[in-house]
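Morning, everyone. I have one structure to walk through today. Please take a look at it before I start.

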Amino acid sequence: MKTFEGYRRTNGTIGVRNHTIVINTVGELAGLTKKLANLVPGVIPVVHQAGQSQYYEDSDQTIKTLAGTAGHPNVCAALFLGMGTEDPAEGIVETLKKDGHHVHSIIFDKDKSINECLKEGKAWLENELERSKQQKTEKADVSELIIGLECGGSDAWSGITANPSIGVFSDSIVADGGTSILAETTEAVGAEHILANRAVNQEVCNRFLEIVKRYEQRARAVGEDIKAANPSPGNKTGGLTTLEEKSLGCIKKGGNSTLMEVIDYAHSPTVNGFVFMDTPGYDVESVVGLVAGGAQIVLFSTGKGSPTGSPIAPVIKIGTNPKLYENMPEHIDVNAGKIIDQNYTIEQIGEEIYSKVLEVANGEITASEKYNNQEFSIWRLAETQ
Amino acid sequence: MNYSFKGYKRDDGMAGTRNYVGIVSSVICSSAVVREISDKVSGTIPIVHANGCAQLGDDFKLTRDMLIGMSSNPNIHSALLVGLGCETNQVSGLLKRIPKTKPIKGIGIQQLYGGTNTIQKGISIAETWTKEATEQKRIPLPLSRLMVGILNVDADQDSLIKTGPVIGEVVDRLVENDAKVVMGLSKTLEPAGHLLSERIVDTTEREKIINSSKGLQRLRWKDPATVAKDTEFTEEELKLAALESKMTGSVPIKGILDYGEIPKEIGFHMMNISSNVVESLSKMASSGCNVVLIVSNRGVLTGSIALPCLTVAPQRDENSFDELIDYTIKGRNVDEESDRMIEELLEVCSGKQTQLEVLELGEFSIPHLGTTY
C-alpha cells in the first residue's frame with residue numbers, strides 16, 4: 001500500500017499543501033488582491049482578469065473555477081475580494097462554508113473605505129495563516145490522490161519518452177485506486193478514436209467524441225483552422241510536424257486504462273480511475289481547470305522547457321530529452337531524457353515519476369514552486385460585454 | 001487660452017507623461033520572470049497578461065497588436081520583451097512590427113537556458129535603460145502631443161446630468177488645442193450611435209457606429225452550433241446613452257478605433273471597448289493614450305499600469321472610495337469646472353501623481369475574441 005502525509009479537510013478530502021490564499025472575483029480587484037497578499041507574507045494571491053461584464057457561460061465558468069480553487073484540498077483558508085451588489089463572492093463563500101471550508105468574503109462598497117477593507121482582510125488572513133501552521137498531517141492512501149496530466153512546449157521526444165512514462169504512472173495509480181485526469185481536448189484531435197475505444201461505455205465514448213468535434217467546430221465557425229495554432233512555432237522547431245502527430249504523443253500520458261468519465265472544465269471527477277477533462281490545449285488554462293477540478297498534483301511534460309506552475313498545486317515538470325535537462329535543470333523535476341542516453345526504460349521512468357509524486361505529496365517542493373510560478377487564467381467562452 | 005504641460009518628448013511626435021521602462025511578457029509563461037525583473041529594478045513596470053499562446057486569427061492578432069501598442073506607448077521610455085521561446089506570439093514577430101523610435105530588445109527563457117539567466121540578463125538591460133530614463137528631463141510641450149482617453153464607468157442618470165456637460169466641454173477644449181481625445185464606446189454609449197453618427201463625416205465610420213447602436217453584438221463561441229443573437233437596447237438604455245453622449249462634446253468625430261488601432265489624426269475619436277475596466281484601459285494604453293480621465297460616481301479600484309488615470313466624480317452625499325477621487329465636479333458653471341479639470345489634468349500630465357498611482361493600483365489585460373486552443 002502506497003501512502004503519503006497530507007492535510008485532512010472537514011469535507012473529507014486531503015491536501016498535499018496547506019495554503020492560505022486571497023482571490024479576486026473581478027479583474028478590477030486584482031491589484032488590491034496582490035496588495036493584501038503582500039501585507040501577510042506566506043499568503044498566496046490568486047489573481048485573474050475575468051469576472052466583469054461576462055455572458056452567463058463565462059460567469060458560470062469563472063465562479064466554478066474560483067469555487068473549485070478556494071475549496072481545493074490544498075487550500076487551508078481562502079479570502080474572497082469582491083465589489084458591488086451583484087458580486088458572486090458571498091454566494092460562493094456560503095456554499096463552501098456548508099462544506100466545512102474556511103472561507104470569508106470582503107466586498108468593497110460604499111460603506112467601507114479601502115483601508116478598512118484591507119485591515120479586515122489582513123486580520124482574517126493572519127489569523128488563518130496562524131491556524132494553518134498548527135494543523136498536523138495524517139497518513140493517507142494514494143487512492144485519495146487526483147493527478148492532472150498536462151504537457152506544454154512539446155517536442156518530438158514528448159510522445160516517445162516523457163508522455164509514455166506518465167502513461168505508465170497513470171496506469172499504476174489507477175490500479176492503486178487513485179485518479180488521473182487527462183485534458184487538452186484540442187490535443188486529442190486526430191487521436192480521438194484511440195481514447196474513444198477505451199471508454200467504459202457508449203455514453204462516455206459519445207461524450208468524448210462530441211467534445212472533440214465541438215472544439216474543431218469552434219475554430220471553423222470563425223473561419224480558422226485549429227491546426228494553424230497547433231503545433232506552435234516551438235513544437236515545430238522541436239520536431240513535431242502536425243497536430244495529429246502531437247495528439248498521438250499527447251494522449252500517451254493517459255496510458256492504457258479504461259476511460260471512466262468525461263468531465264467539463266473545472267468540474268470534479270465523480271469516479272476514481274482514468275478520466276478526461278474538456279480543456280483547451282493552452283497549458284496554463286488547462287492546469288487551472290484541472291486543479292479547480294480537484295487535482296492535488298499536476299504532471300507536466302515539456303520538451304522545450306516551460307517554467308509555469310499553479311498558485312495552489314505543485315506541478316511536476318518532466319523533461320523529454322537530455323539536452324533540455326542539461327540546459328535548464330532548474331525547471332525540470334524528472335528527466336525522462338534518460339530513456340534516450342542512459343538506457344532507462346519507460347517503465348523505470350514511470351516508477352521514478354510515481355516516487356516523485358509521493359515525495360511531492362509529502363511536501364517536497366517542485367521547480368515551479370521554488371520559482372514562484374503561480375500562473376492563473378480561466379478559459380474564456382465569449383467576448384466581454 | 002494657451003495650454004501646455006511638461007512631458008518627455010518622444011521621437012514619434014508624442015510625449016510621455018511618465019517615463020517607465022516597460023518589461024513586456026509575450027506570453028503568460030514568462031510573466032513570473034517579467035515580474036521578478038520589474039521588482040528588482042525601480043522605474044520599470046511589468047506588462048503581463050494571460051495570453052500569447054494557442055491563439056488564432058483575430059484573437060491572436062489582438063494580443064499581438066496590443067503588445068506592439070503597449071511597447072510603443074509614449075509613456076514607455078524603452079521596452080524589453082521577454083518571451084518563453086515556444087509560444088505562438090514570438091518575440092521576433094513583435095520586434096519586427098514595433099516602430100523603431102525607442103530602445104527595444106527581446107530576450108527569451110529557452111534561448112537563455114532558464115529563468116535565472118533571463119532574470120539576470122533582463123535586470124542588466126533594464127538598469128541601463130532606467131539610468132537613461134532618469135537623465136531625461138521634462139520640457140514644456142503643446143497639447144498636440146497629448147492623447148487623452150476618457151472612460152465612463154457605471155454612471156447613473158443623476159451623475160450623468162452632472163458630469164456629461166462638463167466632460168463635453170473638456171473634450172471640446174482639448175480638441176480645439178490640438179490634442180487627440182479617445183472616448184470609450186461601451187455598451188452604455190452604443191445605443192446613442194445614431195445620435196453620434198451625425199457628427200461623423202466618413203461614411204464607413206458612420207456605418208460602424210450606426211451598426212453598433214442596433215443592439216449588443218459580442219462574440220460567443222462556447223457552442224458553435226447556436227448563433228448568438230444581438231440583444232436590442234431598452235428604452236432606459238437609450239435614455240442613459242443620450243445623456244452619456246453629452247460627454248462627447250460637440251466636435252466632429254473622426255472615427256471608431258478598434259483592435260489596438262492608433263489614431264493618426266488630431267481630433268476626437270471613439271474606441272470600441274467592453275465594460276471591463278482593465279480591458280478598456282489596456283486598449284486605450286495600446287492605442288497610444290498617455291493619460292486617462294475616468295469618470296465614475298463610485299471610484300474605480302484600479303488604473304492602467306502605464307497611464308496616469310485621473311478619477312473624476314460628481315459630488316454626492318455619500319462618496320464611495322473618497323481616497324480614489326482626484327477631482328470632484330461640484331456643480332459650478334461648466335466653464336469654471338472644465339477650466340479646473342483641465343488644469344488638474346495638465347498637472348497630472350506634468351508629473352503629479354493620481355490617487356490610483358499613490359495607491360499603486362494598475363493592471364493590464366488583453367481581451368479575447370475567440371477561444372484559446
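How many residues of domain 1 of chain B are in contact with domain 2 of chain B, and how many residues of domain 2 do they meet? The count is 14 residues of domain 1 of chain B against 12 residues of domain 2 of chain B. Keep in mind that this is a predicted model.

Now the bounds. In chain B, domain 1 runs over 20-135 and domain 2 over 143-359. Their C-alpha centres lie 28 Å apart. Which elements build the domain 1 side of that contact, giving two or more residues each? They are β3 (20-25), β4 (44-47) and α2 (57-72) of chain B. Helix α2(B) gives the largest share, 6 residues. By class, this side of domain 1 of chain B has 8 nonpolar, 4 polar and 2 charged residues.

Next, chain A. Here domain 1 covers 19-134 and domain 2 covers 142-370. The C-alpha centres of these two domains of chain A lie 29 Å apart. Their contact takes 13 residues from domain 1 of chain A and 12 residues from domain 2 of chain A. On the domain 1 side, the elements giving two or more residues are β3 (19-24), β4 (44-46) and α2 (56-70) of chain A. The largest share comes from α2(A), with 5 residues. By class, that side of domain 1 of chain A divides into 5 nonpolar, 7 polar and 1 charged.

Let me step back to chain B as a whole. Its secondary structure comes to 11 helices and 16 strands. Its C-alpha trace spans about 60 × 55 × 40 Å along the principal axes.

One residue in chain B makes a handy example. Ile305(B) sits in the loop between β13 (303-304) and β14 (309-314) of chain B. Is Ile305(B) buried or exposed? Ile305(B) is buried, because 23 other C-beta atoms lie within 10 Å, and the cut-off for buried is 20 or more. What does Ile305(B) touch, leaving out residues up to four places away in sequence? The list is Ile45(B), Ile47(B), Gly362(B), Glu363(B) and Phe364(B). Compare Gly57(B). From Ile305(B), Gly57(B) is 248 residues away in sequence and 27 Å away in space, C-alpha to C-alpha.

Now the chain-to-chain contact. The contact takes 54 residues from chain B and 59 residues from chain A. On the chain B side, the elements giving two or more residues are α1 (31-40), α4 (115-135), α9 (277-286) and β16 (362-363) of chain B. The largest share comes from α9(B), with 3 residues. That side of chain B divides into 24 nonpolar, 21 polar and 9 charged residues.

Back to chain A for one helix. Helix α5 of chain A covers residues 162-175. How far should its 14 residues span at 1.5 Å a residue? They should span 20 Å, and the end C-alpha atoms are 20 Å apart, so the helix agrees with the expectation. Helix α5(A) is mostly covered, with 12 of its 14 residues buried. Among the buried ones are Ile166(A), Val168(A), Phe169(A) and Ile173(A). After α5(A) comes Gly177(A), with a positive phi near 95 degrees.

Last, the records. UniProt, in an unreviewed entry, gives "domain: D-galactarate/Altronate dehydratase C-terminal" for residues 142-382 of chain A. That span of chain A is 40% helix and 14% strand, and its end C-alpha atoms lie 38 Å apart. For chain B, an unreviewed UniProt entry lists "domain: D-galactarate/Altronate dehydratase second" at residues 7-133. Residues 7-133 of chain B are 41% helix and 22% strand, with end C-alpha atoms 12 Å apart.

That's the tour. Over to you.

How values were computed:
Residues numbered from 1 in each chain as written. Chains lettered and ligands numbered in written order. Predicted model: local features only at pLDDT ≥ 70, side-chain atom pairs only at ≥ 80, totals over all residues. Helix = DSSP H or I, 4+ residues; strand = E, 2+ residues; numbered from the N terminus. Domains from an automatic or database assignment. Contact = placed C-beta atoms within 7 Å. Nonpolar A, V, L, I, M, F, W, Y, C, P; charged D, E, K, R; others polar. UniProt positions renumbered as here; feature names shortened; annotations may be inferred. Expected span 1.5 Å × (residues − 1).
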